[in-house]
Amino acid sequence: MNQEKYNHIPLAPEQCVTGFGTTLIVAPHADDESLGCGGVISLLRKYGQLVSILLLSDGTLSHPNSKAYPLEKLRDLREKELLDAAEILRVPPENIIFCRYPDRNVPTIHSEGFDGAVQNIAKLLAIVQPQSIFVPWRRDPHPDHRAAFQIIEAADTAVAKIYEYPIWLEELGVAGDEPTQEESIPFRLNISQVLHQKQEAIAQHRSQITDLISDDPEGFRLSPNMLSRFAVPYETFFISRL
């Protein structure tokens, strides 16, 4: 995604989040919530709005060869990092839901477990009753991100307004991945007053940005270039025209 493409869009003032109401943030992996939505979460809480975070995957493929962090320990670490980030963003732990779908295997519309996942998430939505849902952009270039959108699209009762956020679009997107004018409206939110909170929340995901797990040469790590994309005083979302 070319950010400059959207620079002409005025920044919506932070106070507009008061219209979002009760909000659900859907994160395929622990760190997506802070990277893509750390600013909007901070602003929602600043203005007294209820926020819940739904973590879909167990995150265990970020360092699959680590002996120091076998799968269960790595899962627990990544969930703890999300809890630490959420504390900075002022989302209470009781508002965080862990689904623990296998990393890179969150059910898609073409997989056997999709209908069950949709039913489970539909039950959750009936409990949380969000007025707004933030979910990764439908063609964000990661299978779990696309699965997240597909599940929410199928489970949503059409009561909540959907905001789609990009994570890997600018870094890994190819022709056809970007939103078109016919399908979505870009929306930019001014997060300048809470950018420091967003950056502090991102920093809690130490397994993804430092050498905390040092015994897997092929382990995942967010690059400085990738992190710089989320160190800007605004967040970009897409609202469906359909």
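This report describes the sheet and the helix packing of a predicted model.

Residues are numbered from 1 along each chain as its sequence is written. The model is predicted, so local features require pLDDT of at least 70 and side-chain atom pairs count only at pLDDT 80 or more, while totals for chains, interfaces and linings use all residues; side-chain values use heavy atoms, with hydrogens and water left out.

**The sheet**

Helices (H or I, at least four residues) and strands (E, at least two) are DSSP runs, numbered from the N terminus. Eight strands form an open sheet with mixed pairing, in the order β1-β7-β8-β6-β5-β2-β3-β4; two strands pair if DSSP finds at least two bridges between them. At the edges stand β1 (11-12) and β4 (96-101), each of which pairs on one side only.

Strand β2 (residues 23-27) runs parallel to strand β3 (residues 51-57), and five bridges join them. Within this pairing, Ala27 stands opposite Leu55 in β3. Strand β3 is also parallel to β4, through four bridges, and Leu54 has Ile97 in β4 as its bridge partner. Together, β3, helix α2 (residues 71-88) and β4 make a right-handed β-α-β unit; a crossover is right-handed if, with the strands pointing away from the viewer, the path from the first strand over the helix to the second runs clockwise.

**Helix packing**

Helix α4 (residues 143-155) lies across β2, β3, β5 (132-136) and β6 (161-165), and runs at about 150° to β5. Two helix pairs are set out below. Axes are lines fitted to C-alpha atoms, for helices over the stretch in contact, and angles run from 0 to 180 degrees between N-to-C directions.

| Helix pair | Angle | Axes |
|---|---|---|
| α1 (residues 32-46) and α6 (residues 195-203) | about 140° | 8 Å apart |
| α3 (residues 114-128) and α4 | roughly 60° | within 9 Å |

The angle therefore makes α3 oblique to α4, and α1 and α6 are likewise oblique to each other. Angles under 35 degrees count as roughly parallel, over 145 as roughly antiparallel, 65 to 115 as roughly perpendicular and the rest as oblique.

In α1, Ser34, Leu35, Gly38, Gly39 and Ser42 meet Gln197, Lys198, Ala201 and Ile202 of α6, where contact means heavy atoms within 4.5 Å. The residues of this contact comprise three nonpolar, five polar and one charged. Ala, Val, Leu, Ile, Met, Phe, Trp, Tyr, Cys and Pro count as nonpolar, Asp, Glu, Lys and Arg as charged, and the others, Gly among them, as polar.

The residues of α3 that meet α4 include Phe114, Ile121 and Leu125, and those of α4 include Gln150 and Ile152. By class, the contact of α3 with α4 has 10 nonpolar, one polar and no charged residues.
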